[in-house]
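Reader: I'd like a close look at one part of this model, the helix packing. Could you walk me through who touches whom, and how the helices cross?

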Amino acid sequence: MSRAPDIGAVRAFLGAATPDGWVEAAVGAVDTLLIDHANCEKKAAGTAIGMLYRYDGHAHLLAPLARLAREELRHFEEVLRAMRRRGIVPRRLSPSRYASRLFGLAAAHEPARLVDTLIAGAIVEARSCERFALLAGRLDGDLGRLYAGLLASEARHFETYLALARSCADAPVESRAQEMLAVEGRLVTEPDSVLRFHSGPPES
């Protein structure tokens with residue numbers, strides 16, 4: 001049996017909370033939310049697989065990254081099933097600014113690039129976990145159960161990425177994480193031109 005996720009620790013790590021405006025908009029646009037969520041799960045799997053290739057000389061990273069990729073693809077399948085039950089057809093959506101801005105903070109040189117990428121992965125997983133918890137409390141039926149069920153694995157992914165970042169760094173990663181979280185906090189709290197899983201609240 002998986003342990004209950006420590007949402008308090010996730011929220012403390014993130015600092016900035018998802019605005020109520022995003023939650024209200026997401027609950028009112030479930031089709032868009034699910035389509036973008038499915039896309040996010042594919043991208044998360046792709047990030048882990050890409051790191052498997054890029055950093056194949058780091059033996060201690062390989063098994064955790066493989067597990068992350070496998071679980072993200074399983075989440076993708078779960079979201080697809082929820083979409084099929086509602087007759088929602090997958091389609092391409094323009095991405096939000098979130099991932100490109102966050103991963104764009106990574107240093108250009110190694111090993112700092114590796115550490116920054118792992119920290120960014122931890123931040124994305126933590127934000128997903130926070131939003132899963134918010135949605136689980138607002139959505140009824142199978143969608144509420146879907147997001148409640150994803151909570152534990154997403155919290156574990158956050159912990160895995162953060163632990164891997166610490167294992168690859170020559171110094172504590174907390175200071176660098178706070179620099180990146182300051183940017184991330186603005187991305188999820190400032191008004192956004194599109195509603196996406198990791199966007200800010202829609203512009204008025």
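Author: Before we start, a word on handedness: a crossing counts as left-handed if the near helix is turned anticlockwise from the far one by less than a right angle, and as right-handed if clockwise. Keep in mind, too, that this is a predicted model.

Helix α3 (residues 30-54) and helix α7 (residues 141-168) have axes that come within 14 Å and cross at roughly 25°. Angles under 35 degrees count as roughly parallel, so that's what α3 is to α7. The crossing of these two is left-handed. On the α3 side, the contact uses Val30, Leu33, Leu34, His37, Thr47, Ala48 and Met51, while α7 brings Leu143, Tyr147, Leu150 and Tyr161. Sort those by class and you get nine nonpolar residues, two polar and no charged.

With 28 residues, α7 reaches 42 Å from its first C-alpha to its last, close to the 40 Å expected at 1.5 Å a residue. There is a bend, though: about 35°, at Leu151.

Now back to α3, and over to its contact with α4 (residues 59-85). Here the axes come within 8 Å, and the crossing angle is roughly 165°. Anything over 145 counts as roughly antiparallel, so α3 and α4 fall in that class. This crossing is left-handed. From α3 the contact takes in Leu34, Ile35, His37, Ala38, Glu41, Lys42, Ala44, Ala45, Ala48, Ile49, Met51 and Leu52; they meet Leu62, Leu65, Ala66, Leu68, Ala69, Glu72, Leu73, His75, Phe76, Val79 and Met83 of α4. By class, that's 18 nonpolar, two polar and three charged residues. Leu34 of α3 turns up here against α4, and Leu34 is also listed in the contact with α7.

Next, α1 (residues 7-14) and α6. Their axes are 9 Å apart and pack at an angle of about 125°, so the pair is oblique. The crossing of α1 and α6 is left-handed. Ile7, Val10, Arg11, Phe13 and Leu14 of α1 meet Ala122, Ile123, Ala126, Arg127, Cys129, Glu130, Ala133 and Leu134 of α6.

Pro111 sits in the loop between α5 (98-103) and α6 (112-136), and the peptide bond joining Glu110 to Pro111 is cis, with omega about 5°.

Note on methods
Residues numbered from 1 in each chain as written. Predicted model: local features only at pLDDT ≥ 70, side-chain atom pairs only at ≥ 80, totals over all residues. Heavy atoms only, no water. Axes fitted to C-alpha atoms, helices over the stretch in contact; angles between N-to-C directions. Helix = DSSP H or I, 4+ residues; strand = E, 2+ residues; numbered from the N terminus. Parallel < 35°, antiparallel > 145°, perpendicular 65-115°, else oblique. Contact = heavy atoms within 4.5 Å. Nonpolar A, V, L, I, M, F, W, Y, C, P; charged D, E, K, R; others polar. Expected span 1.5 Å × (residues − 1). Bend = angle between axes of the 7 residues up to and from the residue.
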